[in-house]
Amino acid sequence: MPTSSRIYLDYAATTPCDPAVVETMLPYFGEVFGNPSSIHRDGQRSWQAVEQARKSIAKVLNCHASELVFTSGGSESDNLALRGALLASEKSTPHLITTTVEHHAIGHTVAQLAKEFGCTATYLPVDSVGFVSTEQIRDAITPDTVLVSIIYANNEIGTIQPIAEIAAVCREANVLLHIDAVQAGSQLDLDVEALGIDLMSLGAHKFYGPKGVGALYIRNGTPISVVQTGGAQEQGLRAGTHNVPLIIGMGKAMELVQERRESYNARVKALRDTLVSRVLNEFEAVRLTGHPSQRLPNHASFVFDNVDGNALLMHLDMAGISASSGSACSTGNPEPSAVIKALGLPESWQLGSLRLTVGMHTTATDIDRTIDALHDIVPRLRGTQVRITPTVA
Ligand SMILES: Cc1ncc(COP(=O)(O)O)c(C=O)c1O
């Protein structure tokens, strides 16, 4: 849980592990320690717990437990999806399609595959709110296309892509569709049948589970090769002794998040909407980034004209507020992120991004205190006047 003296508005970077999740994991750090691959009873106790966690997650995803591979997190799941599909492809010059607004776990992986592994890649642009168009995807598919990889909900700007429509295009063209659903875990529908996708990456620490564990959904029959070789764990698709406590924690976190999804979304959306309307009403020269409504319910992201986003983050931190300017991985980088650049904003706006993501422990007072802090900091950073108007809730 965040400490009471600070305000934590960075739930997109990571969430605190739910106490019920911690409690569920604890016996697997001590009393239940067997290797799930061992045939003796100690091993089998762990194996059963791992399989129970797999079933819990499969239920939420509406898939078979055998279609899930446990990994070390979202990045590994993304890597296995892309590299595994590429390795399994029989095409001589396999082609990948992705967008310009992906997390680095996709963007850097596609770039390396294109540079060093002889595949070709298309990076589709997005519109000013971060949407990729299905027509563009249809037009980009060639006879060599193996896989389309699209971020379900964007980590930096919150935009939710029309995955079911994209899936229909990929199905028609007989091309695999992978979605990076790492940010979607706590809030969006993860039913793989409704989404119509072939591969989906998840990471537990984004939905009140532990860090260092994730999963890749692989639709039955999808051609995929092993990337991490060694033992035969995870149906031969991911070698390495299972991280039993973390897998158990991920299963529990997924159960809890599914039970609470509706009330959680309603609560965070109300807080987020207040935050967005107050920022847009009370400050000059600020814009919302991402789609105004087709976005994660807990996600607010802005650009301030003529404000240094990193300085803004530092000042917020000194005021006791944890925020972000984009994804955690690019914090400290003075360059505008690729996602912000892709939105086509004028240059003076690009370095002024601020991401505020609310969650389980956020209160209305946290929002008020954050707005007060921004009133103090933003004018100092750019020397402009602040226009104060009543809040529209
Ligand atoms: C959209 C997206 N994909 C992938 C990742 C990487 O996940 P992990 O930190 O679990 O490796 C993140 C983490 O921020 C993310 O937001």
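Visitor: How many residues of domain 1 are in contact with domain 2?
Guide: In this predicted model, 26 residues of domain 1 contact 27 residues of domain 2.

Visitor: Which elements give two or more residues to the domain 1 side?
Guide: On the side of domain 1 that touches domain 2, those elements are α8 (244–282), β10 (299–304) and α10 (338–342).

Visitor: And how do the residues of that side divide into nonpolar, polar and charged?
Guide: The domain 1 side has 10 nonpolar residues, 13 polar ones and three charged ones.

Visitor: Turning to the helices, at what angle do α2 and α8 cross?
Guide: The axis of α2 (residues 41–61) crosses that of α8 at roughly 30°, and the two axes come within 8 Å. Because angles under 35 degrees count as roughly parallel, α2 is roughly parallel to α8.

Visitor: Is that crossing left-handed or right-handed?
Guide: The crossing of α2 and α8 is left-handed.

Visitor: Which residues make the contact?
Guide: From α2, the contact uses Ser-46, Ala-49, Val-50, Gln-52, Ala-53, Ser-56, Ile-57 and Val-60. From α8, the residues are Val-244, Ile-247, Ile-248, Met-250, Gly-251, Met-254, Glu-255 and Gln-258.

Visitor: How many of those are nonpolar, polar or charged?
Guide: The contact of α2 with α8 comprises 10 nonpolar, five polar and one charged residues.

Visitor: A change of topic: what is the strand order in the open sheet of three strands?
Guide: The order is β9-β10-β12, and the pairing is antiparallel.

Visitor: Which strands are at the edge?
Guide: The edge strands are β9 (286–288) and β12 (353–357), each of which pairs on one side only. From one strand to the next, the twist averages 25°.

Visitor: How many bridges join β9 to β10?
Guide: Three bridges join these antiparallel strands, β9 and β10. As for individual residues, Arg-287 has Val-303 in β10 as its bridge partner.

Visitor: Which strands does α8 touch when it packs on the sheet?
Guide: Helix α8 touches β9, β10 and β12. The direction of α8 makes about 15° with that of β10.

Notes. Residues numbered from 1 in each chain as written. Predicted model: local features only at pLDDT ≥ 70, side-chain atom pairs only at ≥ 80, totals over all residues. Contact = placed C-beta atoms within 7 Å. Helix = DSSP H or I, 4+ residues; strand = E, 2+ residues; numbered from the N terminus. Nonpolar A, V, L, I, M, F, W, Y, C, P; charged D, E, K, R; others polar. Axes fitted to C-alpha atoms, helices over the stretch in contact; angles between N-to-C directions. Parallel < 35°, antiparallel > 145°, perpendicular 65-115°, else oblique. Left-handed = near helix turned anticlockwise from the far one by under 90°. Pairing = 2+ DSSP bridges.
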